[in-house]
Amino acid sequence: MRRAGLVLALVLVAGTGSAASFDSIPRPKPRPALAWGALPAEAVAVRPEARPATVLARVMNGPRRARSEAAAGRGLDRSLRPVPRPSDLLAKLAAAGPRSQPSAVSTPRRGVVCGDPAITGEMIAPIVARVAGCGVARPVRVSAVDGVALSQPVTVDCATARALRSWVSNGIKPAVGRRGGGVASLRVFAHYVCRTRNNRKGAKISEHGRGHAVDIGAVTLRNGTSLTVLGGWKDPAQGRVLKQIHRAACGPFGTVLGPGADRFHQDHIHVDTARYRGGAYCR
């Protein structure tokens with residue numbers, strides 16, 4: 001009994017000491033209550049603005065709405081259904097002409113057609129004719145080739161435009177050389193027109209009616225001089241240049257007809273891109 005009382009006394013003394021020790025620890029003073037207006041300006045500035053109630057409603061209802069649409073089988077239908085293409089898309093693509101393969105650095109240039117920077121003109125709408133055999137699916141209207149102006153824009157296809165450009169660069173310019181300051185322009189007699197060959201009744205459709213042909217009546221020099229087919233073909237000086245120009249067309253073009261061909265080509269050189277098994281037809 002005496003030992004049990006001693007243990008109880010020690011426990012009571014230790015408990016009293018512990019309580020006293022905790023009470024002796026200094027407690028922090030409570031922060032003074034501040035009114036809203038007393039807060040520093042920077043503390044008020046960084047407080048985020050409240051989001052609109054519509055945003056919260058959209059966020060809260062979004063998952064719920066998505067789950068309901070998925071359960072009803074409508075969510076996938078809406079996300080995977082493509083937008084229908086315009087009904088006139090094919091017609092617009094046809095009018096735009098062929099798409100060239102882009103180079104590593106592609107810089108579009110105003111007025112350049114058929115993928116050749118030396119051909120100046122514009123793409124135009126497909127030409128549909130009532131006469132069978134006439135028309136051009138992808139026509140261009142060319143106003144100049146390799147810096148040489150045309151007296152009137154010619155309506156042709158790109159194959160004929162490229163042949164004309166090759167003829168001017170590699171045939172007409174070298175034949176003229178520096179005479180009269182060089183080549184300034186070409187006088188165009190004819191280009192696209194839906195008609196028969198030489199306008200004869202019952203004949204086949206001319207290559208003019210397919211956008212494959214151009215008729216050139218004269219070469220005008222920079223000093224104003226014109227080398228005309230009609231007046232200069234038999235001239236010793238001009239005739240030599242014109243005949244060289246005529247020969248140079250045979251290759252880029254499949255058909256070349258001049259004053260020596262027939263009575264229908266006494267005043268111009270006819271060129272077209274028709275091809276034959278036996279090679280170019282040049283007269």
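Predicted model: local features only at pLDDT ≥ 70, side-chain atom pairs only at ≥ 80, totals over all residues.
User: How many disulfides does the structure hold?

Analyst: Let's start with the pairs themselves. Cysteine 114 is joined to cysteine 158, cysteine 134 to cysteine 194, and cysteine 250 to cysteine 282. That brings the structure's count of disulfides to three.

User: If you number the bonded cysteines in sequence order, what is the pairing?

Analyst: Cysteine 114 bonds with cysteine 158, while cysteine 134 bonds with cysteine 194. Cysteine 250 goes with cysteine 282. Numbered along the protein chain, the pairing reads 1-3, 2-4, 5-6.

User: Which hand does the link of cysteine 114 and cysteine 158 have?

Analyst: The two sulfurs sit 2.1 Å apart in this disulfide. About the S-S bond the angle is -85°, and the link of cysteine 114 and cysteine 158 is left-handed.

User: Where in the chain are cysteine 114 and cysteine 158, and how many residues apart are they?

Analyst: Cysteine 114 is in the loop between β1 (112–113) and β2 (116–123). Cysteine 158 belongs to helix α6 (residues 158–176). The pair links distant parts of the chain, with a separation of 44 residues.

User: Why is the disulfide of cysteine 134 and cysteine 194 right-handed?

Analyst: The sulfur atoms of cysteine 134 and cysteine 194 are 2.0 Å apart. The disulfide is right-handed because the torsion about its S-S bond is about 90°.

User: What parts does the pair of cysteine 250 and cysteine 282 tie together, and how many residues apart are they in sequence?

Analyst: Here the sulfur atoms are 1.8 Å apart. Cysteine 250 lies in the loop between α8 (236–249) and β10 (255–257), and cysteine 282 is in strand β12 (residues 281–282). So the pair ties together parts whose separation in sequence is 32 residues.

User: Leaving aside neighbours within four places in sequence, which residues is alanine 163 in contact with?

Analyst: Alanine 163 has its place in helix α6. With a relative accessible area of 6%, alanine 163 is buried. Setting aside those sequence neighbours, its contacts are Pro252, Phe253 and Thr273.

User: How many Å apart in space are alanine 163 and aspartate 272, C-alpha to C-alpha?

Analyst: In sequence, alanine 163 and aspartate 272 are 109 residues apart. In space, their C-alpha to C-alpha distance is 8.7 Å.

Methods:
Residues numbered from 1 in each chain as written. Heavy atoms only, no water. Disulfide = S-S within 2.5 Å. Helix = DSSP H or I, 4+ residues; strand = E, 2+ residues; numbered from the N terminus. Buried < 20%, exposed > 50% of the residue type's maximum accessible area, 1.4 Å probe, protein only. Contact = heavy atoms within 4.5 Å.
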